[in-house]
Amino acid sequence: MGSTSDWETMRHAADLLDELGIAQEAKVVSAHRTPHRLYDYAGSAAGRGLKVIIAGAGGAAHLPGMAAALTHLPVLGVPVESKTLKGVDSLYSIVQMPAGIPVGTLAIGKAGAKNAALLAAAILALSDPDLSARLQAWRAAQTDGVATDPA
């Protein structure tokens with residue numbers, strides 16, 4: 001995430017990854033304030049065993065795009081809600097990547113963080129049958145938890 005304040009949003013991704021039994025790490029890596037940390041983090045991600053990067057950022061939100069430019073791993077961008085434009089600025093910054101540097105962009109805020117975790121899980125489940133079964137069970141439980149009556 002781009003700053004510690006982004007944790008309020010990004011913890012939802014971390015919690016869901018933990019629930020699904022997926023090892024993850026949470027780091028503050030600012031594209032603007034810690035560019036060398038970003039270069040080191042994204043550049044070494046594949047070599048350290050990471051398979052997907054979920055990058056959350058607000059405002060100018062350059063973190064997901066810069067991370068994608070520095071690694072061949074899939075990068076999922078979560079626009080964090082900003083005070084000024086309620087996250088629309090973050091969304092536009094992440095979703096408008098130039099051709100050749102893809103970033104999978106999710107919804108603004110908590111829903112985006114959760115869906116980024118689920119999308120990362122689905123990517124990882126392609127080569128992990130046990131994770132695939134856990135993800136299918138999670139989705140089935142979600143379906144079973146939907147009431148048929150409003151009361």
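## Close-up views of a predicted model

**View 1. Alanine 61 has a backbone angle worth a look.** You'll find alanine 61 in the loop that runs between strand S1 (53-58) and helix H3 (63-70). Its phi is near 50°, which is a positive value in a residue that isn't glycine.

**View 2. Lysine 86 also has a positive phi.** Here phi is about 60°, and once again the residue is not a glycine. Lysine 86 sits in the loop between strand S2 (75-80) and helix H4. Is lysine 86 buried or exposed? With a relative accessible area of 54%, lysine 86 is exposed, because the cut-off for that label is over 50%.

**View 3. Serine 82 makes a contact with the backbone.** Serine 82 belongs to the loop between S2 and H4. Its side chain reaches the backbone nitrogen of leucine 85 at 3.5 Å. At 13% relative accessibility, serine 82 counts as buried.

**View 4. Four residues make a nonpolar patch on the surface.** Look for Leu85, Val88, Tyr92 and Val95, which together make a patch of about 370 Å². One of them, tyrosine 92, lies in helix H4 (residues 88-95). Tyrosine 92 has 53% relative accessibility, so it counts as exposed.

View 5. The side chains of aspartate 15 and arginine 11 meet here, at 4.0 Å from N to O. How many residues apart are aspartate 15 and arginine 11? They are 4 residues apart in helix H1 (residues 7-19), so about one helical turn separates them. Aspartate 15 is partly exposed at 41% relative accessibility, and arginine 11 is partly exposed too, at 34%.

View 6. Arginine 48 and glutamate 25 bring their side chains together at 3.1 Å, N to O. Arginine 48 is in the loop between helix H2 (35-44) and S1, while glutamate 25 is in the loop between H1 and H2, so you have two distant parts of the chain, 23 residues apart, held in one view. Arginine 48, at 41% relative accessibility, counts as partly exposed, and glutamate 25, at 32%, does as well. A search of the whole structure finds 2 salt bridges.

**View 7. The largest nonpolar core has 21 residues.** The residues with the most contacts inside this core are Leu20, Ile22, Leu76 and Leu135. H1, S2, helix H5 (110-125) and H6 each supply at least two of its residues. Which helix gives the most to this core? That's H5, with 8 residues. As background, nonpolar side chains tend to be buried together in soluble globular proteins.

**View 8. Helix H6 begins with a side-chain contact.** At the start of H6, a side-chain oxygen of aspartate 128 comes to within 3.1 Å of the backbone nitrogen of aspartate 130. Helix H6 itself covers residues 129-144, which makes 16 residues. From the first C-alpha to the last, H6 reaches 22 Å, close to the 22 Å expected at 1.5 Å a residue.

Key
Residues numbered from 1 in each chain as written. Predicted model: local features only at pLDDT ≥ 70, side-chain atom pairs only at ≥ 80, totals over all residues. Heavy atoms only, no water. Expected span 1.5 Å × (residues − 1). Polar contact = N/O pair within 3.5 Å; in protein donor to acceptor, adjacent residues only side chain to side chain. Patch = residues over 30% accessible without salt bridge, like charges linked within 9 Å, V, L, I, M, F, W, Y side chains within 5 Å. Areas by Shrake-Rupley, 256 points an atom, 1.4 Å probe, with all protein chains shown as cover. Buried < 20%, exposed > 50% of the residue type's maximum accessible area, 1.4 Å probe, protein only. Core = buried A, V, L, I, M, F, W, Y, C linked by side-chain atoms within 4.5 Å.
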